[in-house]
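Please keep the sequence and the model at hand while reading.

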Amino acid sequence: MRDSISCDFKKTTVLKQTFIGLLKNYTDNDRLANELWTEIEKNYSSKKRHYHTLQHLENLLVQLTEVKMEIQNWETILFTLYYHDIIYNSLKSDNEDKSAEFAEKRMKQISVPVELIELCKQQILATKSHIKSTDSDTNYFTDADLSVLGKLWETYSLYCKNVRKEYSIYPDLVYNPGRKKVLHHFLSMDRIFKTDFLYNKFEIQAKQNLQKEIELLS
């Protein structure tokens, strides 16, 4: 248990240091930077969240760091990472829109250029459908956002359980058909992952996982 807590602390520290380092490019107000981090940490640590958590952000950071040399605008990708799920309510369908608006407000607060704000908003909104974008960075981000689909079954299974917890208000009679619709949507895609790197890394396992979950839900 102690090792687990220590590991989580280290991950949170990396997330915080990366965020604070990002903000130093736009503001020298350390108090504001720490307030904005605390806000992010609080939102992603909500007791109502089981998958859309700081651990999800940490996984995204790991996946994107692997392809950092391919990213055109690393700073924008980081803003997208931290704010893409800042607003999350399993009962609502406008989480991405609200998160994009939230990101815009915070980025304006530290004088991020308008073009970067707009790109960040577009990347956040792209997580609604995860379809291929004309923007390469967006494809890397949405692929990283879906990377859990291609993890080993043990990790994927835990992800499924955590998503189910976030939708615990719904009985299986309602949840299962809705969940299967989402899974079939991904399986119907020519490619789940748009970038070659993440396609080669996760595609085969992802399709196996999705099919297995569908069978378990039947």
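## Basis and helix packing

Axes here are lines fitted to C-alpha atoms, for helices over the stretch in contact, and angles run from 0 to 180 degrees between N-to-C directions. Helices (H or I, at least four residues) are DSSP runs, numbered from the N terminus. The model is predicted, so local features need pLDDT of at least 70 and side-chain atom pairs count only at pLDDT 80 or more, while totals for chains, interfaces and linings use all residues. Residues are numbered from 1 along each chain as its sequence is written, and side-chain values use heavy atoms, with hydrogens and water left out.

The axes of helix H2 (residues 30-44) and helix H5 (residues 95-109) come within 12 Å and cross at roughly 170 degrees. That angle makes H2 roughly antiparallel to H5, a term that applies to angles over 145 degrees. In this pair, Leu32, Leu36 and Glu39 of H2 meet Phe102, Arg106 and Gln109 of H5, where contact means heavy atoms within 4.5 Å. The residues of this contact divide into three nonpolar, one polar and two charged; Ala, Val, Leu, Ile, Met, Phe, Trp, Tyr, Cys and Pro count as nonpolar, Asp, Glu, Lys and Arg as charged, and the others, Gly among them, as polar.

## Aromatic pairs

Rings of Phe, Tyr and Trp (its six-membered ring) pair if their centres lie within 6.5 Å, with planes under 30 degrees apart counting as stacked, over 60 as edge-to-face and the rest as tilted. By this rule the count comes to twelve aromatic pairs. The rings of Tyr167 and Tyr175 have centres 6.1 Å apart and planes at 40 degrees, so this pair is tilted. Ring pairs also link Phe19, Trp37, Tyr82, Tyr83 and Phe102 into a cluster.

Buried means under 20% relative accessible area, exposed over 50%, and partly exposed in between (1.4 Å probe, protein chains only). Tyr167, at 24%, is therefore partly exposed, whereas Tyr175, at 8%, counts as buried.

Phe186 lies in helix H9 (residues 172-187) and is buried, with a relative accessible area of 10%. Leaving aside its neighbours within four places in sequence, Phe186 is in contact with His130, Leu146, Leu149, Ile192 and Leu210.

Helix H7 (residues 136-145) is mostly covered, with nine of its ten residues buried; among them are Tyr140, Phe141 and Ala144. The buried residues of H7 pack against helix H3 (54-66), helix H4 (74-83), helix H6 (114-126) and helix H10 (196-217).

How values were computed. Helix = DSSP H or I, 4+ residues; strand = E, 2+ residues; numbered from the N terminus. Parallel < 35°, antiparallel > 145°, perpendicular 65-115°, else oblique.
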